[in-house]
Amino acid sequence: MKKQLLFVIFALMSVMSWAQLAPLHVDGRYFKDDAGNIINLHGFAQTFSPWFNEHNTKWDNYDVSGCLNYNKGIIDKILAAGWKMDFVRQHMDPYWSNKPGYYGIGENDISIFDMARFKKYLDEVFIPMAEYANSKGLYVIMRPPGVCPDVIQTGGEYQQYLLNVWNVVSQRLKLKNKPGILFELANEPISIIDANGKQGGTDEMARFMQPIVDKIRANGCNNILLIPGLGWQSQYAGFAATPVTGENIGYAVHCYPGWYNGNHGDNNVEINYNDFKKGWEDQITPCSNLAPIVVTEMDWAPAKWDSSWGKAFTGVAGGDGFGANFKRLADESGNVSWLLFTEGHHLAAFKDQAPTNGVYTFLTDPEACPWACYHWYQEYAEQRQSGYKPTVTSVNLASTEISLTPGGIKTLPLTATTTDGLVLDVAGDATYTNSNPAALIINGGTLVGRNQGESVVDVSYTDPQGGAHTWQVHVTVSYFPLTADAFNPSIYETGTFDPATGNLRTGLYGFGGWKYDSGINLDPYKYIVVKFNRAPSCHASFRLFDENNYWAGAAEVDADGKASLQVNLHNLKKTNGNKLDPSHIYIVGFWSYGGGDISIKEVFLSNDGYTPAGIEGVLVDETPALERQGVYDLQGRRLPEGQSLRKGVYIVNGRKTIVK
């Protein structure tokens, strides 16, 4: 009788835990519950294979009971240790779905995948584990078996594999439309080609993922779907221009020390806040301004512990170190959920106790992720329970003059400072009126250059206390702007660029110029013309890349000792001997040994080698009032000679000039 009573009590507790899982949906750039509360989740990860369950020491030989008992026990022990977790990422490991006795070339080899086995163990292992996690109050993110091949292709074998896997998963009644189940659609894509074999960027990734989303939705399944980026899930900026469409869409990001700017020291990665923030803003912010983000892999610890994937230190928020700065960036984004990817048995063994005799271990070292995250998770739980909302003390738009390239992406620098000292990115919460959609796309606070032209953008933001704020922003879109916000002197190695003089100084064997995440089509033009203020003398060359990869090889044109270059776009070969494809250009710029300036006067497209095919360059004039002759406004009206110029954009001597 006692056993029966205990069983009933346990069953009731499970139902009550399930009831605590509020249904989540995507509302703009946030996960929200049915009451409209913003929900950010914090959790851990599980992988259901003997090797990833303490290296084959706990169960093996396709032992379903052994796998379930071990992994359920890990969940129980983690929660009993006091971790304030509210989600778990669960890997439907290919150990179960690959043909027994066949050995592929790695987790990315789908040639030995067996659909019948996948269906069997989906029902016997993966669904029972998801249900158990839900019963413990944990949302579940389910990940497909294995990892992506090095190169995936729209219309290719791996896309069909994912279509087949998610077609099955999205029809399982125990998963379909369940409030506690989310799907991460692939793991760590690296690079992609289109159906014709051409190198693609994030726009191609959106085309690759869209049919998978559509297949799931066609099955009547409306679970939240998380879309991966390229570069092992580190490249997301292009989704601002070509997002995956549909309801309940978020993005799954990976973040390890050094991925978003960092210098590799002796085993540990050296991170500082400003560089990390720049890398994050370049790739993650354009996407997090559009949709919710879940970081589904992330951890760190000093290398000496050999117990985490990432090798770095917690450090200090705003200073040096990875962990504290990661947390700050996630918090300032406002819509980032994240987990600790450290193996579950480590987390299960955690004790919130000071180290014995002052001797640290992996679990007690404040520079390793378990100690820091344990206490951060508690803070998050307390904030949610108390209904905490940040109080904004000031709102700032850092720039009202912005330059972009066609296909270029930049987040509007709109921030709100709180009483806690956080500088929140709120561009995705503002509203926008765009005067020229033909030149500019605005998507969730991210600006995307479309075609050469101008746009005036009206920006409105209401802070949490009800304060209204408005601005007007002028955006210029051109192919090769010589401006601080569009020209990157540090595409490879750290360089400097002075927009007032046009002087670029690359790092040693460095490269600076322009990047086009979605590629630009220069096929309609015959030439790129480069003019220098003085001939370079630092072994300079002008380079163009038709792949979204700096190491893929470029067309190189020697520039040393030359006052100008006339580059025939249709007669260029790359260093590997292949012809450059001008219809897909991803990187353009200048390489040098460093140690000397490349003084750039202008760069423009031409059909005769001399005359610009439109106004290409943008000169920035920092002085707010200058007396000039031969000045025209953007409507072509000549201004009176000697008139002091207000802030704005003018045509001076046939060149577009911004007066600041």
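By class, five nonpolar, three polar and two charged residues make up the lining of the largest cavity. The model examined here is a predicted one, and a search of the whole structure finds one cavity of 30 Å³ or more. The volume of the largest cavity is about 50 Å³, and its lining is formed by Pro-94, Ser-97, Asn-98, Glu-107, Asp-109, Ile-110, Phe-113, Pro-145, Gly-146 and Tyr-161.

Helix H4 comprises the 21 residues 115-135, and, at 1.5 Å a residue, a helix of that number of residues should span 30 Å; the C-alpha atoms at its ends are 28 Å apart, which agrees with this expectation. Within H4 there is a bend of about 50° at Leu-122. The N-terminal end of H4 is capped by Asp-114, a side-chain oxygen of which lies 2.9 Å from the backbone nitrogen of Ala-116. Beyond the other end, H4 is followed by Gly-137, a residue whose phi is positive, near 85°.

In another part of the sequence, Ile-587 is found in strand E34, which covers residues 585-592. The relative accessible area of Ile-587 is 2%, and because a residue under 20% counts as buried, Ile-587 is classed as buried. Although Ile-587 and Trp-514 are 73 residues apart in sequence, their C-alpha atoms are 5.8 Å apart in space.

Methods. Residues are numbered from 1 along each chain as its sequence is written. This is a predicted model: local features need pLDDT of at least 70, side-chain atom pairs count only at pLDDT 80 or more; totals for chains, interfaces and linings use all residues. Side-chain values use heavy atoms; hydrogens and water are left out. Helices (H or I, at least four residues) and strands (E, at least two) are DSSP runs, numbered from the N terminus. The expected span of a helix is 1.5 Å times one less than its number of residues. The bend at a residue is the angle between axes fitted to the seven residues ending there and the seven starting there. A polar contact is a pair of N or O atoms within 3.5 Å; within protein, one must be able to donate a hydrogen and the other to accept it, and residues adjacent in sequence count only if both atoms are side-chain atoms. On a 1 Å grid over the protein atoms alone, a cavity is a set of points where a 1.4 Å probe fits but cannot get out, and a pocket is an open set with protein on both sides within 12 Å along at least five of seven lines; lining residues have an atom within 4 Å of a point. Grid points are joined across faces, edges and corners, and a volume is the space filled by probe spheres set on the points. Ala, Val, Leu, Ile, Met, Phe, Trp, Tyr, Cys and Pro count as nonpolar, Asp, Glu, Lys and Arg as charged, and the others, Gly among them, as polar. Buried means under 20% relative accessible area, exposed over 50%, partly exposed in between (1.4 Å probe, protein chains only).
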